[in-house]
Structure formats: C-alpha cells, structure tokens
Amino acid sequence: MATAVSPQGEIDTVELWADLGARHGLDLVLCISSALRRGLLDATESERYERQAQTVHPAFTLGGLGQLVDATAQADRLITFGSST
Amino acid sequence: MIRVSSVLVVTRHAPYGTSLSRAALDTVLAAAAFDRPPTLLFLGDGVLQLLPDQDAAAVGTRSHGRVLESLPLYDVNTLFVDSAALAQYGISRAQLPAGATVLEDQGISQLMSEHDHILGF
C-alpha cells in the first residue's frame with residue numbers, strides 16, 4: 001500500500017515487490033474486489049467511490065478475476081501462497 | 001488442438017471470519033464464466049463450508065452455502081471433499097451437497113497430481 005509505512009529496521013515489502021517488478025518488467029496486478037475491501041484504491045476507484053486518497057502503490061494495477069483465469073491458462077507455472085487471514 | 005490446462009482450486013478455511021473461502025468461490029465462478037470450470041477440493045477446515053442450512057444474516061454477509069448451491073449452474077458439478085476432515089468435525093456424508101465426492105488422503109494426493117495448476121485459498 002502506498003500509504004503504509006514500515007517501521008525502521010523492518011523490510012518494506014511493497015517497495016521490494018515494486019523493485020522486483022521494475023527490474024524484470026513484471027505486471028503486478030491486485031484483485032480489484034480484494035483490494036477495495038481492504039481500502040486499496042487507485043485514482044479511478046478513489047474517484048468512483050468518492051474516497052479522498054489513492055492508496056495503491058503506483059507500481060501495481062487493479063485487475064479482475066478474469067485476468068487471473070487468463071494468466072493461469074497461459075502459465076506453465078503457478079505459485080500461490082497460503083495465508084490465514 | 002490446444003490443450004486447456006486443468007486447474008484445481010483448494011479451499012481450506014472455514015466459511016466465515018475471513019474472506020478466503022469467498023475468494024475461492026469467486027475465483028471458481030470467474031473461471032467457469034470463462035468456460036474453464038475448475039475442479040474444487042474442500043480440504044481441512046474448508047469442509048465446514050459445506051454444512052447445510054447456513055444462516056449468515058447475523059454476521060452481515062451472504063450465505064456461503066447459497067453460493068455453493070449455484071455451482072451446478074456454472075458447470076461445476078463435482079466437489080471433492082477431505083474424508084479425514086469430515087470425520088474430525090463429525091460431518092456425515094448425508095449432510096453434503098449433491099455431487100460431493102469424498103476422498104481419502106491417497107485420492108487427494110492423486111487429484112493434485114492430475115492437475116496442471118493448483119490455486120490455494
């Protein structure tokens with residue numbers, strides 16, 4: 001999240017992802033419904049929902065599940081990470 | 001002919017409290033809408049999603065069971081279910097929705113190896 005601030009001495013995961021994407025020319029796509037639910041909005045969405053701030057780091061774009069379906073179909077490898085939240 | 005890659009969606013969390021189970025179902029529905037209905041496996045705590053007569057009104061969300069019931073409309077007809085988890089939670093096979101297939105550990109491992117991709121939730 002563009003508005004998240006990591007404590008000193010802790011790694012900034014968002015910056016690491018942004019850096020990885022920039023170095024290798026990767027698409028960094030967030031599921032739009034998951035993002036909105038968590039308060040992550042880009043310019044378009046903050047305008048649409050009349051929120052005052054953009055909270056998505058500019059390295060990331062918001063996309064629909066269709067993009068996941070399409071990317072999965074084209075991929076030779078797919079990695080997901082488990083989570084309890 | 002281009003072979004369509006097969007996808008197994010594994011859902012292993014309880015239906016309410018987190019949004020993961022809902023995210024898994026949304027993904028299944030999206031894939032089905034693109035004519036790529038995936039295989040669905042309920043593993044561990046995920047079997048709790050299959051309990052009948054869910055009433056989610058008090059927690060202010062839509063009933064997960066209701067969405068599950070709509071799966072056959074999207075050509076998702078087979079639900080694979082973790083046998084050990086059913087036993088752990090005391091859920092009988094009679095309580096499961098139509099189209100549920102109960103798998104032992106060996107069957108689960110075979111199911112996973114038969115698919116090109118596994119999406120875990």
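**Exercise 1. Find where confidence is lowest and where it is highest in chain B.**

Start with the score: pLDDT is the predictor's confidence in each residue, from 0 to 100. Helices (H or I, at least four residues) and strands (E, at least two) are DSSP runs, numbered from the N terminus. In chain B, the lowest confidence falls in helix H2 (residues 64-69), with a mean of 86. The highest, at 98, belongs to helix H3 (residues 83-89) of chain B. Next, take the chain as a whole: its mean pLDDT is 91, and 98% of its residues reach 70 or more. Finally, the model scores ipTM 0.79 and pTM 0.88.

Two notes before you go on. This is a predicted model, in which local features need pLDDT of at least 70 and side-chain atom pairs count only at pLDDT 80 or more, while totals for chains, interfaces and linings use all residues. Residues are numbered from 1 along each chain as its sequence is written, and chains are lettered from A and ligands numbered from 1 in the order in which they are written.

**Exercise 2. Describe helix H1 of chain B and say what covers its buried residues.**

First, its length: H1(B) spans residues 20-33, which is 14 residues. From first C-alpha to last it reaches 20 Å, close to the 20 Å expected at 1.5 Å a residue. (The expected span is 1.5 Å times one less than the number of residues.)

Second, its burial. A residue is buried if 20 or more other C-beta atoms lie within 10 Å of its own, exposed if 12 or fewer, and partly exposed in between, with C-beta atoms placed from the backbone. Among the buried residues of H1(B) are B:Leu20, B:Ala24, B:Leu25 and B:Val28.

Third, the cover: it includes helix H4 (65-74) of chain A, as well as strands E1 (7-11), E2 (39-42) and E5 (117-120) and helix H2 of chain B.

**Exercise 3. Locate B:Asp53 and B:Asp75, and decide: buried or exposed?**

Take B:Asp53 first. Its phi is positive, near 55°, and it sits in the loop between E2 and H2 of chain B. B:Asp53 counts as exposed because it has 7 C-beta neighbours inside 10 Å.

Now B:Asp75. Its phi is also positive, about 65°, and its loop runs between H2 and strand E3 (79-82) of chain B. With 10 C-beta neighbours inside 10 Å, B:Asp75 counts as exposed too.

How values were computed:
Contact = placed C-beta atoms within 7 Å.
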